[in-house]
Amino acid sequence: MHTRSPIAATSDSDMDAVALFQPARIGDIRIANRIVMAPLTRSRADEPMGDIPGSAMNIAYYRQRSTAGLIISEGTQVSPTGKGYMATPGIYSDEQVEGWKKITHAVHEAGSKIVAQIWHVGRVTHPDLIGGAQPVAPSAVQPKLVAYTRNGKAEIPVPRALSIAEIAVIVEEFRRGAANAMRAGFDGVEIHGANGYLVDQFLRDGANQRTDMYGGSIENRCRFALEVVDAVVAEIGAGRVGIRLSPVTPANDLQDSDPQALFGYLVDALNQRGIAFIHFIEGATGGPRDVPGFDFSAARQAFKGTYIANNGYDREMAIDAVKAGRADAVAFGRLFIANPDLVERLKSKAALNQANPRTFYSPGPVGYIDYPAL
Ligand code: 8OZ
């Protein structure tokens, strides 16, 4: 007799029955499986021409990975001063939109979906990366970080605190980034609210020492994030908007005194806005998962939209998380760098290529489009 128990469904013979490999819907976006390619900075845009994506190599890279149910693009800055690394692509100029069009077209042709990660680094940059300007932030609090620029390694300076008028301009830049993303053929956007960049700098009290309506109370520290969300939602609709959050990561020298209260409030506020997804980095970005301070399963229960889980997942963890309902989808970063056909490899339990960190941010095709498929 042939029965289909959940146990049998996880055996290699019947992978299509495993929830991780089944179709789903993220807001208004239909996805072919619940495997998500995480946003990955690769520093291979055309910097001299104006941080433009869409070279043949960029197109090949995304096309190769288009069996993911959803691709989240590398972080794409919403303005020239929102840039924190060499050769990251922007989404503020018409030339950048034209470049992104080639990528979204290739991804759609291959049957996948792609959202743009819209990004402003705030204080995590250096004047050499932003035309000589002083980096901006909620408050003049210097992170202990170095930047890599054309002139080598350099200490990141003290940022300048944004005025209220300047904050409104940046909210509009995010709105324009979302509008440009739709013009470029993306299926939606992910607001980069994680890893110590500008949105996160407003959220967490390690960087936000403001005494106006954007600082102090949790409500005030969430104001910028929610203004960005509201502007983007007004522009493209809540069903195509997500946000990435990292409540407990120490990445980019940012901390908070009470992540549970802060991000608990934020999740409730995002719920009210009906956005499509929250993409949670569970733990320290690219590091340990068991960092105290925030209850991810409570957030999963509280949030009505799609919960995308990320950070250190392997095949078994991902299958189990989706099967048990701890996540709706799972995002993989490093595994997608090294395995263009990750979905097929996870289905067939094939061996995985290992990513080479030395080529994560190096120019050129090596370590970018030359990882072998099965
Ligand atoms: C690694 C290198 C450069 C950027 C992030 C966008 O931490 C990044 C990033 C990661 O979210």
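Is Phe294 buried or exposed, and what is its relative accessible area?

Author: Phe294 is buried, with a relative accessible area of 10%. Buried means under 20% relative accessible area, exposed means over 50%, and partly exposed lies in between, with a 1.4 Å probe and protein chains only. This is a predicted model: local features need pLDDT of at least 70, side-chain atom pairs count only at pLDDT 80 or more, and totals for chains, interfaces and linings use all residues. Residues are numbered from 1 along each chain as its sequence is written, and side-chain values use heavy atoms, with hydrogens and water left out.

Now to the rings. The whole structure holds 16 aromatic pairs. Rings of Phe, Tyr and Trp (its six-membered ring) pair if their centres lie within 6.5 Å; planes under 30 degrees apart count as stacked, over 60 as edge-to-face and the rest as tilted. Phe294 pairs with Phe296.

Ring pairs join Tyr61 and Tyr62 with Trp100, Phe186 and Tyr368 in a cluster.

Phe21 is another buried residue, at 6% relative accessible area. Phe21 sits in the loop between helix H1 (6-9) and strand S1 (24-26). Helices (H or I, at least four residues) and strands (E, at least two) are DSSP runs, numbered from the N terminus. Contact means heavy atoms within 4.5 Å. Beyond residues up to four places away in sequence, Phe21 touches Met15, Ala32, Asn33, Ile35, Ile319, Val343, Leu346 and Lys347. Take Ile35: it is 14 residues from Phe21 along the chain, and their C-alpha atoms are 7.3 Å apart.

Ala207 lies in a loop as well, between helix H5 (198-203) and helix H6 (218-221). Ala207 is buried, at 1% relative accessible area. Its contacts, leaving aside neighbours within four places in sequence, are Arg123, Pro138, Ser139, Val141, Gln201 and Leu254.

Two backbone angles deserve a look. Most residues other than glycine have a negative phi. Ser43 has a positive phi, near 55°. Ser43 is in the loop between strand S3 (35-37) and helix H2 (56-64), and counts as buried at 10% relative accessibility. Lys349 has a positive phi near 60°. Lys349 comes in the segment after helix H12 (342-348). At 47% relative accessibility, Lys349 is partly exposed.

Last, the whole chain. The protein chain has 12 helices and 14 strands. Its radius of gyration is 20 Å, close to the 21 Å that the globule rule gives for 374 residues, so the chain is as compact as a globular protein of that length. The radius is taken over C-alpha atoms, and the rule is 2.2 Å times the number of residues to the power 0.38. Along its principal axes the C-alpha trace spans about 70 × 45 × 35 Å. Buried residues make up 57% of the 374 residues. Among contacts between residues at least 6 apart in sequence, 72% join residues at least 24 apart.
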